[in-house]
Amino acid sequence: MSSVAMWRGCRRLWWAHSPPTRLPRLPPAAAGSGPVGTCGRRAYAPPAERKRFYQNVSISQGEGGFEINLDHRKLKTPQAKLFTVPSEALAIAVATEWDSQKDTIKFYTMHLTTLCNTALDNPTQRNKTQLIRAAVKFLETDTVCYRVEEPPALAELQKNEWDPVVTWAEKRYNVTIGSSTSILGPNIPASTKDTFISHLASYNMWALQGIEFVITQLKSLILSMSLIDRHITVEKAVLLSRLEEEYQIRRWGNVEWAHDYDLCELRARTAAGTLFVHLCSESSTVKHKLLQD
Amino acid sequence: MAALGAPLRTLRALLPLRTAGRSYRDSPAYRHVLAAFRAHRVTSEKLCRAQQELHFQAATYLCLLRSVREHEALHREYHGKGERSPQEVAGLVGFRLPQQPGGKG
């Protein structure tokens, strides 16, 4: 047995026994195909992309919500639960993700599928209180509250760009946030945290998973909440989150394979998270006005 | 609310992006977006609680599709070929891996 073949065998075994927690488990027919192009890879290199093994993607309505069908096989989560989502629009968006895969399945581009899997499987086993606590903890180290003193141009940029968002959040939630140039960060009063905790408690588990995802992307509770509240767009939120990087790019130049790559990925993840929150928390109805005489 | 531009502009940009090669008019996503935009048109007969909500959602989805596409292109260009082999890495800085006459191990 050549070493390459043996290696491939090992990888197949590894796939069979421990599928990565966040990737969706595929129907059994896919398991035999194995990863491609394993030659010369190291053990911790990312798994190879799998072939697209299905032709048609459709959605159907089941008991628990909307399900995704790949050629009459139901999509399952990594923990082998049935993949079902609460909203039709979300199911359509997930189905579109699967349908837009061309020759290979690129899981790293399927953010909505990943988010649904996380919400369904809850791999970190956290309950609502723990999720909210983790989200609010970001407030202590919120990106927009940490300011620099030099260079003066960056300090001014931070003041001009971040102050309006902080002020908006303070008004919207009726809290005190403030900002700081100290390494210890701003002193956030307990009442501010309580306000955010009780606000976040009004969201359901699915939406909360999405909110926490957005917060960890933007590294900021304030930016995330202004995005969820539709105060700023995704592009703007990502720009504000990367303000210092943008400043350095303007000064030292842009590197496509690093800066643009990060930007696109961050935008995609943030947009997916925001959409996920909105689709999971809305109860949309179109009400017609009563005809008045 | 931040400037989103005209809703129709977002709709126009959104529709063709959903395609995966085949005609996008057949896809459920196309029908869903179109139906949603139609249903949320503000007319004198509809009470509009949050006029911007659907438009914000559409703009967010447009951003998602665009960014994923760009990210994928950059990934293919710069990171899609996987890792270099030890021989290649050594060659980059002008080294050669030691020869082992009897083969490894």
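Which residues does S87(A) touch, not counting those up to four places away in sequence? S87(A) touches F66(A) and L279(A), where contact means heavy atoms within 4.5 Å. This is a predicted model, in which local features need pLDDT of at least 70, side-chain atom pairs count only at pLDDT 80 or more, and totals for chains, interfaces and linings use all residues. Residues are numbered from 1 along each chain as its sequence is written, chains are lettered from A and ligands numbered from 1 in the order in which they are written, and side-chain values use heavy atoms, with hydrogens and water left out.

**S87(A) and its cap**
- You will find S87(A) in the loop between β5 (84-85) and α3 of chain A.
- With a relative accessible area of 11%, S87(A) is buried (under 20% relative accessible area, 1.4 Å probe, protein chains only).
- S87(A) caps the N-terminal end of α3(A), with a side-chain oxygen 3.4 Å from the backbone nitrogen of A89(A).

**Helix α3(A)**
- The twelve residues of helix α3 (residues 88-99) should span 16 Å at 1.5 Å a residue, and the end C-alpha atoms are 16 Å apart, which agrees; the expected span is 1.5 Å times one less than the number of residues.
- Eleven of the twelve residues of α3(A) are buried, so the helix is largely enclosed by the rest of the structure.
- Among the buried residues are I92(A), W98(A) and D99(A).

**Chain A as a whole**
- Chain A holds twelve helices and six strands, taken as DSSP runs (helices H or I, at least four residues; strands E, at least two) and numbered from the N terminus.
- Of its 293 residues, 48% count as buried.

Notes. Buried < 20%, exposed > 50% of the residue type's maximum accessible area, 1.4 Å probe, protein only. Polar contact = N/O pair within 3.5 Å; in protein donor to acceptor, adjacent residues only side chain to side chain.
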